[in-house]
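Here is a walk through one model, written for someone who likes to know where the cut-offs sit. Have the viewer open while you read.

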Amino acid sequence: MALENDIVDELALRLDTAELNAAPIAKITDDYPEMDWHDAYAVQDALRARKEAAGVTIAGLKMGLTSYAKMKQMGVEDPVYGFLTDYGRVQEGGDMSCARLIHPKVEAEIAFVLKQDLIGPGVRMEDVLAATDHVLPAVEIIDSRYENFRFDLKSVVADNTSAARFVAGTTTRPVEGLDLAAVTVEIVKNGEVVASGTGDAVLGNSAESVAMLANLLGVRGIPLKAGTFILAGAITEAIAVAPGDHIEARYSELGAVTMRFTD
Ligand code: 0L1
Ligand code: MG
């Protein structure tokens, strides 16, 4: 690690304050260009610890940058992961206030809930499918705490991979007989299709992304526990939203997820 513990804590405070005040900041590598990957996850861990100390419950985990196109664009070979919070969960069909967000964007994803622990490294897609209790459609609302969504990878890992809100659909189903790679989704914004994609956009299969999460955690000695809610990564591009927007993500096989953005 290149950063001292007190700097890690100060950066977590900076990011938490930016989120809670919906006030964007400059990317943190501007001040600490020497930051390494351990520092980036250490800041994310410190951010998580701050929130838990303030009474926040962790509602799940997420994978980010899971499309090969986006990884290439960002110059990385591995996706990144972050955590979801209880206050980030919005009910299906619910409203969320844009006043508490900076520049939200929505992404259509597939979520997993496990029935068995997965302990990496060495977890394969087949292991994930065998360990999955059910999958469900879900929309992630990302909201970088950095001005103009401008960041580098270490800054975005520290910023909990832009995680902000998420909406899970109400229909769950087992993975048996379901070809996750072939699931299609359309994002409909105010009645107009604005993005579409197929499940294979996520590392070929969203279950591969969950395997990668188990392996990334495994390297750090952390098991991926049964019961964990996991957002596996964006099938579609991220679509910017504003007050008044209604969003529906329509999936083949998995149903739909809807939400409205208010002032
Ligand atoms: O969930 C995601 O794929 C987002 C990862 C962070 C990068 C971004 O904010 O676009
Ligand atoms: Mg996402």
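Which residues does UniProt list for "domain: Fumarylacetoacetase-like C-terminal"? The unreviewed UniProt entry gives residues 104-260; positions are in the numbering used here, and such annotations may be inferred rather than shown by experiment. The end C-alpha atoms of that span lie 12 Å apart, and the span is 17% helix and 38% strand. Helices (H or I, at least four residues) and strands (E, at least two) are DSSP runs, numbered from the N terminus.

Some housekeeping: this is a predicted model, where local features need pLDDT of at least 70 and side-chain atom pairs count only at pLDDT 80 or more, while totals for chains, interfaces and linings use all residues. Residues are numbered from 1 along each chain as its sequence is written, chains are lettered from A and ligands numbered from 1 in the order in which they are written, and side-chain values use heavy atoms, with hydrogens and water left out.

Buried means under 20% relative accessible area, exposed over 50%, and partly exposed in between (1.4 Å probe, protein chains only).

**Ligand 1**

Around ligand 1 sit Lys62, Gly64, Leu65, Lys70, Glu107, Glu140, Ile142, Phe149, Phe151, Val156, Thr161 and Ser162, each with a heavy atom within 4 Å of the ligand. That shell divides into 5 nonpolar, 3 polar and 4 charged residues.

| Side chain | Distance to an oxygen atom of ligand 1 |
|---|---|
| Glu107 | 3.2 Å |
| Glu140 | 3.0 Å |
| Ser162 | 2.6 Å |

Taken alone, ligand 1 exposes 300 Å², and the protein buries 96% of that; the areas come from the Shrake-Rupley method with a 1.4 Å probe. Strand S1 (58-64) and strand S6 (132-142) are the elements that give two or more residues to the shell.

Most residues other than glycine have a negative phi, and most peptide bonds are trans. Gly120 and Pro121, however, are joined by a cis peptide bond, with omega about 0°. Pro121 belongs to the loop between strand S5 (105-114) and helix H4 (125-131).

Asn160 has a positive phi, near 50°. Its place is the loop between helix H5 (153-158) and strand S7 (163-168), and Asn160 counts as buried because its relative accessibility is 4%. Leu203 also has a phi near 50°, in the loop between strand S9 (192-198) and helix H6 (206-219). With a relative accessible area of 6%, Leu203 is buried.

Conventions: A polar contact is a pair of N or O atoms within 3.5 Å; within protein, one must be able to donate a hydrogen and the other to accept it, and residues adjacent in sequence count only if both atoms are side-chain atoms. Ala, Val, Leu, Ile, Met, Phe, Trp, Tyr, Cys and Pro count as nonpolar, Asp, Glu, Lys and Arg as charged, and the others, Gly among them, as polar.
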